[in-house]
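Please examine the sequence and the three-dimensional structure shown below.

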Amino acid sequence: MGRWTLGHSRKVEANVNTRAEQADSGAPPGPGSDLTPRRLYDSHFPFVWRNLRRLGVPDVLLEDAAQDVFLVVHRRWSSFDAGWSSVQTWLFGILMRVARNHRRSLRRRGAWLVASTDDMAASTRTVASDAAGPADLVARREAAALLDRLLEGLDDDKRAVLVLVDVEQLSVPQAAEALGVNLNTAYWRLRAARKLIEKALARIRAAENRGSRQGSERP
């Protein structure tokens, strides 16, 4: 699994700064706010990176996708009002559209990009914490791989609301705001997504149990 690294952040930052030099950064996002595009970038790059992955952007396209997200942030900065919308919901709305565009691009450009994803992932793995022991790191990687596997079984709408509420711990009203849907629709999608995840987990556990039984029965 490809994790964001400081190297990725600096590379995307350099590209964004180069392409946004002539862009109008717009007015501050709200009265009394000290938020700037730069501060948003510094504080939310990991949020953007991991959620692009969760929305189906393969590792080989993550740098391009993250760069596109922050270029949109520069272009649309004057439209962001911190008194009306949270940073995370506003950003998620942007990255969701960027993720969709990159998945479409992937289908057009061919399967070779998917084949190269494994090589990219192997070169970008980093540990989550220097203090974590080997068992913790293995458990985290296995959990992240399982999450990716489960999310792949959901359509875009259900995947997005599940990521926002159950992974990023936003409220359902915040998720509805980020996705541009009414509250009832967000609740319905979340319930449907959770049911699908539960069924997928049950199938995985059943398969693991069968494998364990077969292994114990061998002489």
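A residue is called buried when its relative accessible area is under 20%, exposed when that area is over 50%, and partly exposed in between. The coordinates discussed here belong to a predicted model. Aspartate 42 has a relative accessible area of 44% and is therefore partly exposed. Arginine 38, with a relative accessible area of 44%, is likewise partly exposed.

Side chains of opposite charge can pair when their charged atoms come close. Aspartate 42 and arginine 38 do form a salt bridge, with an N to O distance of 3.0 Å. Both residues lie in helix H2, and because they are four residues apart, about one helical turn separates them.

How many salt bridges does the structure hold? The structure contains eight salt bridges. One of them joins the side chains of aspartate 156 and arginine 103, at 2.4 Å from N to O. This pair links distant parts of the chain, since aspartate 156 belongs to helix H7 (residues 156–167) and arginine 103 to helix H4 (residues 87–109), 53 residues apart. Is arginine 103 buried or exposed? Its relative accessible area is 15%, so arginine 103 is buried. Aspartate 156, by contrast, has a relative accessibility of 32% and therefore counts as partly exposed.

Another salt bridge connects aspartate 155 with lysine 158, whose closest N and O atoms are 2.9 Å apart. Here the relative accessible area of aspartate 155 is 38%, so this residue is partly exposed. Lysine 158 has a relative accessibility of 14% and so counts as buried.

The discussion now turns to helix packing. Two packed helices are described by the angle between their axes and the distance between the axes. For helix H2 (residues 37–54) and helix H3 (residues 62–75), the axes come within 10 Å and cross at roughly 140°. Helix H2 is therefore oblique to H3. The crossing of these two helices is right-handed. On the H2 side, the contact includes Leu40, Tyr41, Phe45, Val48 and Trp49; the residues of H3 that they and their neighbours meet include Ala65, Ala66, Val69, Phe70 and Val73. By residue class, the contact of H2 with H3 comprises 13 nonpolar, two polar and two charged residues.

Which residues does leucine 201 touch, not counting residues up to four places away in sequence? With that exclusion, leucine 201 touches Leu146 and Leu150. Leucine 201 and leucine 146 are 55 residues apart in sequence, while their C-alpha atoms are 9.2 Å apart in space.

The final feature concerns the backbone. Most residues other than glycine have a negative phi. Glutamine 169, a residue other than glycine, has a positive phi near 65°. Where is glutamine 169 found? Glutamine 169 is in the loop between H7 and helix H8 (172–179). Its relative accessible area is 62%, so glutamine 169 is exposed.

Key. Residues numbered from 1 in each chain as written. Predicted model: local features only at pLDDT ≥ 70, side-chain atom pairs only at ≥ 80, totals over all residues. Heavy atoms only, no water. Axes fitted to C-alpha atoms, helices over the stretch in contact; angles between N-to-C directions. Parallel < 35°, antiparallel > 145°, perpendicular 65-115°, else oblique. Left-handed = near helix turned anticlockwise from the far one by under 90°. Contact = heavy atoms within 4.5 Å. Nonpolar A, V, L, I, M, F, W, Y, C, P; charged D, E, K, R; others polar. Salt bridge = Lys/Arg side-chain N within 4 Å of Asp/Glu carboxyl O. Buried < 20%, exposed > 50% of the residue type's maximum accessible area, 1.4 Å probe, protein only.
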